[in-house]
Amino acid sequence: MLEEEYQKRRRLPRHLRPAPEPERPFAYEIRPAETRDIADIREIYNYYVTNSVVTFDEKKWTHRQWAEKYAHIRKLGLPFLVAVSPSGQVLGYALVSPWSGKSSYRYTAENSIYLGPSATGKGLGRALLTALIEASEEFGLRQMVAVISDKGAEGSIALHEKMGFEEVGRMGRVGYKFGRWLGTVYLQKQLTPVKKKRGLFGRRAD
Ligand SMILES: CC(C)(COP(=O)(O)OP(=O)(O)OC[C@H]1O[C@@H](n2cnc3c(N)ncnc32)[C@H](O)[C@@H]1OP(=O)(O)O)[C@@H](O)C(=O)NCCC(=O)NCCS
């Protein structure tokens, strides 16, 4: 018998092979982001900086930049959520930041949502965005805006539309990355604040 034939026969018959490990369910917990999550958040974001045009950033963010952004959002009291696996790995994050520093925009925020590449397409985006909307409504926000690349972000546009965001405008050729021009799609969702009218910058509507 040739050696390669012998190798083939060493495979056990099906009924004697050990049963494959059952596929683990995709489990996660959604909670407010903490300082210890910053390294994972940065890694997720930088993956898309380097490999995609879903963000118009071209340079990876440093840990310090993320720490400053985290501190700013926390100081304003705005939602910044993470989805974490049972082993503590950050699978994705979602946050809102002020739409503008001008005070009349105090009830309007821009959202941002990124999942690690292996966590996409399993319903986590919907769960995280749902939690972000709820937390934003609790905060007292009235409008959420998503600014999405018009190329390579079909999943994000689909997710936002499914969550009730409506396209309100587009800008063409405002970005240039990886040697091609990119535009932006603006989607907006009206929120229903559940509590008192609290906006950004410590101001109230009435
Ligand atoms: C965009 C992103 C947050 C979506 O999250 P996700 O977990 O992959 O999406 P989900 O599995 O929750 O899908 C939500 C809905 O959108 C739909 N959808 C998702 N991707 C889609 C695609 N590429 N085309 C069409 N529909 C899509 C799903 O069918 C689903 O619909 P349903 O809830 O009615 O079944 C995630 O894919 C991601 O982080 N992508 C890379 C980073 C990115 O693009 N971030 C946004 C920058 S603006």
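Author: Sorted by class, the shell around the ligand holds 10 nonpolar, six polar and four charged residues. The model is a predicted one, and what follows should be read with that in mind. In all, 20 residues surround the ligand, and Thr-120, Gly-125, Arg-126, Gly-155 and Ala-158 are the closest. Strand β4 (108–115) and helices α4 (124–139) and α5 (154–162) each bring at least two residues to this shell. Helix α5 contributes the most, with six residues.

The chain that carries this shell has five helices and seven strands. Their order along the sequence is α-β-α-α-β-β-β-α-β-α-β-β. The radius of gyration is 22 Å, well over the 17 Å that the globule rule gives for 206 residues, so the chain is more spread out than a compact globule. Along the principal axes, the C-alpha atoms fill a box of roughly 90 × 40 × 35 Å. Of the 206 residues, 24% count as buried. Taking contacts between residues at least 6 apart in sequence, 64% join residues at least 24 apart.

Next, the nonpolar interior. In soluble globular proteins, nonpolar side chains tend to be buried together. Here the largest nonpolar core has 29 residues, and the members that touch the most others are Leu-81, Leu-91 and Tyr-93. Helix α2 (38–51), strands β2 (80–84), β3 (90–98) and β4, and helix α4 each supply at least two residues of this core. Two of these elements return from the ligand site: β4 and α4 each give at least two residues to the shell around the ligand and at least two to the core. Leu-81 shows which parts of the chain meet in this region. Beyond its neighbours within four places in sequence, Leu-81 is in contact with Ile-30, Arg-31, Pro-32 and Ala-33, with Tyr-93 and Ala-94, and with Leu-128, Ala-131, Leu-132 and Ala-135. Another core lies apart from the largest one; it has five residues, among them Ala-146, Ile-148, Phe-165 and Leu-187.

Strand β7 (residues 180–190) runs antiparallel to β5 (residues 143–149), and seven bridges join the two. Strand β7 also runs antiparallel to β6, with eight bridges between them. The strands β6 and β7 form a hairpin with two residues between them.

Met-171 belongs to strand β6 (residues 166–177). Leaving out neighbours within four places in sequence, Met-171 is in contact with Gly-183 and Thr-184. Its C-alpha atom lies 8.9 Å from that of Asp-150, a residue 21 places away in sequence.

Arg-173, in strand β6, has a phi near 50 degrees, a positive value in a residue other than glycine. Phe-178, in the loop between β6 and β7, likewise has a phi near 50 degrees, again positive in a residue other than glycine. Arg-173 is exposed, because 11 other C-beta atoms lie within 10 Å. Phe-178 is exposed too, because 11 other C-beta atoms lie within 10 Å.

Trp-61 is in the loop between α2 and α3 (63–76). With 16 other C-beta atoms within 10 Å, Trp-61 is partly exposed. Not counting residues up to four places away in sequence, Trp-61 touches Arg-42, Tyr-45, Asn-46 and Trp-66. Pro-32, by contrast, is 29 residues away from Trp-61 in sequence and 21 Å away in space, C-alpha to C-alpha.

Conventions
Residues numbered from 1 in each chain as written. Predicted model: local features only at pLDDT ≥ 70, side-chain atom pairs only at ≥ 80, totals over all residues. Helix = DSSP H or I, 4+ residues; strand = E, 2+ residues; numbered from the N terminus. Contact = placed C-beta atoms within 7 Å. Near = placed C-beta within 6 Å. Nonpolar A, V, L, I, M, F, W, Y, C, P; charged D, E, K, R; others polar. Rg over C-alpha atoms; globule rule 2.2 N^0.38 Å. Buried ≥ 20, exposed ≤ 12 C-beta atoms within 10 Å, placed from the backbone. Core = buried A, V, L, I, M, F, W, Y, C linked by C-beta atoms within 7 Å. Pairing = 2+ DSSP bridges.
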